[in-house]
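Hi everyone, thanks for coming.

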Amino acid sequence: LGEASSPDPAAWREPDFSDALWSVGRGPFYYENTSGYTGNTMLPDMNGGYTCVFLRGTFQLANPAAIRELTLTLQADDGCVVWLNGNRVRQVNMLDGEPSFDWPSLPAAGEPNVDTVVLTDPGTLLRTGTNGLAIQAFNASLSGSTDFLIAAALLKPGDHVIV
């Protein structure tokens, strides 16, 4: 396991990055050693295997100037960093700085961390054509954790999910 893109560890965050060789799954992504979380894509090898997952979704826009706001909703157990078209728009329960594939999140607090952010000027971030949402989600430790969860949605007004 390693960075999602090499030699440039930030390249995977850009909408034109080719993720054709990546595994495909549907969120939420999780693992659970007890009872509780469920989702669409279970990660049974995460506990003891790796601390983070890299997620990407793309969407098309014909007129990005027409979008006045976007709402990003997140559930993270334990933390995550989110980029829109390569621009960091949110981090939850993470240290500042450029995240690495082998980082843990900050210690778990109030699981899952539920976060909503309204991007009130998305026109500065969006572009005509392909746009991308990239999420690097982290567990608090490599092993010994009982769970992990990442669920995210990017919505435009009227609760229309775009990613």
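Let me begin with a term: two strands pair if DSSP finds at least two bridges between them. Strands here are DSSP runs of E with at least two residues, numbered from the N terminus. Before we go on, this is a predicted model, where local features need pLDDT of at least 70 and side-chain atom pairs count only at pLDDT 80 or more, while totals for chains, interfaces and linings use all residues. Residues are numbered from 1 along each chain as its sequence is written, and side-chain values use heavy atoms, with hydrogens and water left out.

So, the sheet. Four strands make an open, antiparallel sheet, in the order S3-S8-S5-S6. Strand S3 (52-61) and S6 are the edge strands, each pairing on one side only. On average, neighbouring strands are turned by 15° against each other, direction ignored; the axes behind that angle are lines fitted to C-alpha atoms, and angles run from 0 to 180 degrees between N-to-C directions. Inside the sheet, S5 and strand S8 (residues 129-138) pair over six bridges in the antiparallel sense. Leu84 stands opposite Leu133 in S8.

Now the rings. How many aromatic pairs does a search of the whole structure find? Four. Rings of Phe, Tyr and Trp (its six-membered ring) pair if their centres lie within 6.5 Å, and planes under 30 degrees apart count as stacked, over 60 as edge-to-face and the rest as tilted. Trp12 and Trp22 have ring centres 6.2 Å apart and planes at 35°, so this pair is tilted. Both residues lie in the segment before strand S1 (29-32), so the pair ties together parts 10 residues apart in sequence.

Is Trp12 buried or exposed? Trp12 is buried, at 0% relative accessibility, taking buried as under 20% relative accessible area, exposed as over 50% and partly exposed as in between (1.4 Å probe, protein chains only). Trp22 is partly exposed at 23%.

Trp12 also pairs with Trp83: centres 5.6 Å apart and planes at 80°, so edge-to-face. That pair links distant parts of the chain, since Trp83 sits in strand S5 (residues 79-84), 71 residues from Trp12. Together, Trp12, Phe17, Trp22, Phe54 and Trp83 form one aromatic cluster.

Last stop: Ser105, in the loop between strand S6 (87-92) and strand S7 (113-119). Ser105 counts as buried at 7% relative accessibility. Its contacts (heavy atoms within 4.5 Å) include Asp78, Asn93 and Phe138. A polar atom of the Ser105 side chain lies 3.5 Å from the backbone nitrogen of Ala140.

Definitions and conventions: Polar contact = N/O pair within 3.5 Å; in protein donor to acceptor, adjacent residues only side chain to side chain. Lists of a residue's contacts leave out its neighbours within four places in sequence.
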